[in-house]
Amino acid sequence: MIEIKFKQSILATAATLFFSLNNSLAMDNQVKIGGLYEFQTIYYKNNGKPEQRVLSSNNREFGLNTSGHIFVDYQLISENNHKYGAKISLEHTSANDRAAPFYVYYESDLGRIEAGAESSAGKKMRITGYSASCATGNGWNSVTQLSPNLPGTSDKSVAYITNFCSFLDAKTRTKGKVDYSRKFSYFTPKLAVNENHHFQIGASYIPDSSNMGHDKMDKDNKNDPVALVPYKFVVKDGISYGVAYSGKFSSELSAKASFVGEAGKPIAFNKKDDTKADKKFKDLNTYVLGGELKYNDISFSAAYTNYNKSLTAKDVDLIGRDSYAYGVGVKYNLDKYAFSINQFNSNFKKSILNVTSLGIDYMVAKGFKTYVQTNFYRTNGKFIDKNDNNSIKSDKGRGVLVFLGAKVSF
């Protein structure tokens, strides 16, 4: 009953905002073309098996990477300062970093509505331990292969949590595609306690996580958000929500904090034949609590996330069902330079990951930044050995990953 009333409340708010367009005739328009292109030189060394050392197909420890995105934001502004428009991603020849999905929006004194295949409210309002970081930050895991193919197991026999991403965003996104699941989101205006302290609330509703923005509405794009289980999942009636705070205590000291989460009903399908599975998995119910503190040129960030056994089952997840992660970061700005150190720790069903990241930024000119980031990681994973009476065993690893890159943004 609570879930139904919540969805009805979102629909009512959306209708109110959209219907007010009738009284908001456009008086002006703005067109913004923006984008980012990035070049990376990457070095990767670990003590794992051969399949874990592949960076480039024919050069296992050294590789070059390019990626980016371009978008057009067309905005109409009414006589009463209401704003509405669309943000559209443009196709380009380099690998897309998937940072600009398509959506339309409307913004007024009553808040902001977004409709399309953009990321969810929880993702947009989330603060993580990498909020205070340089260089690639949380993107260190983009080229790593932490899991070996161990004897007596299937491929990728150990899984880890490597970031703070959510199930209704990155974990149910189609590999290589820009758009997320289709949804609509509502954000309240910033609610002022006084002139220096504000709160904001946001929520997204995703009727069907398989309804992806890059495909037809009736196309069933099942995903694999849970590693090492023989099932794919779709999340029905997904809700992503967030509450954010921002405050300024003095000219030197400011703070941000957020609590974001997601909920939904999972539907499981067998990977072998794509039939509906006769298994009951725990409902989606995750959260991230994070904060960031800035004092002059120094910033600190910290966050904790817990999956609350989401999408797990006792007779499937035999090693464990609990999963969580936490991280902290410190960043210092010095003229054109910035320096950061971040620590990330996670436990995914008793498989442990520890990562330390050191980053440096150098702002060459406006819109042009170079950086270097070095990451040191250790793993202690648990897996079931089918060749040894399904006994639980450990696999330990370590590695170093270095990014030397440049970004041009406009």
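**Exercise 1.** List what Leu353 touches beyond four places in sequence.

*Solution.* Take contact as heavy atoms within 4.5 Å. Leaving out residues up to four places away in sequence, Leu353 touches Trp140, Leu146, Tyr160, Ile161, Thr162, Phe344, Asn345, Ser346, Tyr377, Arg378 and Thr379. The model is predicted: local features need pLDDT of at least 70, side-chain atom pairs count only at pLDDT 80 or more, and totals for chains, interfaces and linings use all residues. Residues are numbered from 1 along each chain as its sequence is written, and side-chain values use heavy atoms, without hydrogens and water.

**Exercise 2.** Find the side-chain polar contacts of Ser301 with the backbone of Gly129 and Ala132.

*Solution.* A polar contact is a pair of N or O atoms within 3.5 Å; within protein, one must be able to donate a hydrogen and the other to accept it, and residues adjacent in sequence count only if both atoms are side-chain atoms. First, a polar side-chain atom of Ser301 lies 2.9 Å from the backbone oxygen of Gly129. Next, the Ser301 side chain reaches the backbone nitrogen of Ala132 at 3.1 Å.

**Exercise 3.** Is Ser301 buried or exposed? Is Asn308 buried or partly exposed?

*Solution.* Buried means under 20% relative accessible area, exposed over 50%, partly exposed in between (1.4 Å probe, protein chains only). Ser301 has 4% relative accessibility, so Ser301 counts as buried. Asn308 has 26%, so Asn308 is partly exposed.

**Exercise 4.** State the phi of Ala135 and of Asn308.

*Solution.* Most residues other than glycine have a negative phi. Phi of Ala135 is near 55 degrees, a positive value; phi of Asn308 is near 50 degrees, also positive.
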